[in-house]
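Here is a short briefing to read with the model open in your viewer. It covers helix packing and pockets.

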Amino acid sequence: MSTKHTRSRGGTQIAPRQTFGKLYVALDDYLTNAAFDPFRTMLRDCILETWPIAAGERVLGEVLPVRRLHTPGTAANEIGVSTKLVEQILTDAGALPATDPRPPALRTFDAAEYAWLLAEIRTLVGRGDMLAAMGATEAQLRTLREENIIRPLTRHPRVKAPWRLDDGLALVAELHALMHPDPADGSGWEGLQFAKRRTGLPVGAMLDAIRGGRVRVARDPGQSGYRSFMVLKAEVDSLTGRALMSAAATERRRPGNQPRSLRPALA
């Protein structure tokens, strides 16, 4: 159905009863004979495919049991956030086209298909709340984002609360479950962020090695949350080949293995 038939001359979106006028009134109010049921069904289907009718509303004699369509506005009212936030996230997700000629009240999307996304939007938090919940630093969260270990629901620059708290808490819980029982005491341990800076190894690669049992993880007893997790330098070096290079350099420094020109002359 063309959206031009759902607007007044001033461009304001109007309801189905006003759009279909006497036809709607007749089929809804007094043409109750079963012979008119096919016409009622056709008009009802047209309405439900066009307007964001809420569950429980009556349309031509039938109550809609489940909502079929949402608009950013109806979804925002339902979950208690701003219409602009819903619109931006839905556009990023492909639920709405970036350029949409429809009036706002008819910018509909499938309510069932994107119910999961609306549930996620309701729980989003800002950067500060995410850092506090995870016990992470700005640099650590930035790295997790850059490596797609923890991804914001949307990367739209105007969305100030794009983070799913459960993603951050799940990573911390996973590392707790994999943690070595002894604390990370001594200079042989370092944080994941420091290990990345020192070796150039991505944090994601270290996390994979921890999951695979190739690198041990333990907690710094003086810290909490994500920032408290430490890894052994030697085991991180083994992932990069630094350990092999260090062993080779040590071997070369032994007197018997020095180049002939560097060996002391024999008397």
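Predicted model: local features only at pLDDT ≥ 70, side-chain atom pairs only at ≥ 80, totals over all residues.

Two packed helices are described by the angle between their axes and the distance between the axes.

**Helix α3 with helix α5**

- Helix α3 covers residues 72-79 and helix α5 covers residues 115-122; the two pack at an angle of about 50°, and their axes are 10 Å apart.
- α3 and α5 are therefore oblique to each other.
- Their crossing, α3 over α5, is right-handed.
- On the α3 side the contact involves Ala75, Glu78 and Ile79, which meet Leu118, Ile121 and Arg122 in α5.
- Sorted by class, this contact of α3 with α5 has 4 nonpolar and 2 charged residues, with no polar ones.

**Helix α3 with helix α4**

- α3 also packs with helix α4 (residues 83-93): the axes come within 8 Å and cross at roughly 120°.
- Here, too, the handedness can be stated: α3 passes α4 in a right-handed crossing.
- From α3, the residues making the contact are Pro72, Gly73, Ala75, Ala76 and Ile79, while α4 brings Thr83, Val86 and Glu87.
- The contact of α3 with α4 divides into 5 nonpolar, 2 polar and 1 charged residues.

**Helix α8 with helix α10**

- Helix α8 (residues 165-178) and helix α10 (residues 203-211) cross at roughly 40°, with axes that come within 10 Å.
- That angle makes α8 oblique to α10.
- The crossing in which α8 passes α10 is left-handed.
- Leu171, Glu174, Leu175 and Leu178 are the α8 residues in this contact, and Leu207, Ile210 and Arg211 are those of α10.
- By class, the contact of α8 with α10 has 5 nonpolar and 2 charged residues and no polar ones.

**The largest pocket**

- The largest pocket holds about 240 Å³ of space.
- Its lining is made of 13 residues, and those nearest the centre of the pocket are Arg127, Arg145, Val159, Pro162 and Trp163.
- Helix α7 (residues 138-146) gives the most to this lining, with 4 residues.
- For anyone thinking about residue classes, the lining of the largest pocket has 6 charged, 5 nonpolar and 2 polar residues.

**The second largest pocket**

- About 170 Å³ of space lies in the second largest pocket.
- Among the residues that line the second largest pocket are Thr137, Ala139, Gln140, Glu190, Gly191, Gln193, Phe194 and Arg197.
- Asp220, Gln223, Arg227 and Met230 are also part of the lining of the second largest pocket.
- Two or more residues of this lining come from each of α7, β7 (189-191) and α9 (192-199).
- Of the elements, α9 gives the most to the lining of the second largest pocket, with 3 residues.
- By class, the lining of the second largest pocket has 5 polar, 4 charged and 3 nonpolar residues.

How values were computed:
Residues numbered from 1 in each chain as written. Heavy atoms only, no water. Axes fitted to C-alpha atoms, helices over the stretch in contact; angles between N-to-C directions. Parallel < 35°, antiparallel > 145°, perpendicular 65-115°, else oblique. Left-handed = near helix turned anticlockwise from the far one by under 90°. Contact = heavy atoms within 4.5 Å. Nonpolar A, V, L, I, M, F, W, Y, C, P; charged D, E, K, R; others polar. 1 Å grid on protein atoms, 1.4 Å probe; cavity = no way out; pocket = protein on both sides within 12 Å on 5 of 7 lines; lining within 4 Å. Points joined across faces, edges and corners; volume = space filled by probe spheres on them.
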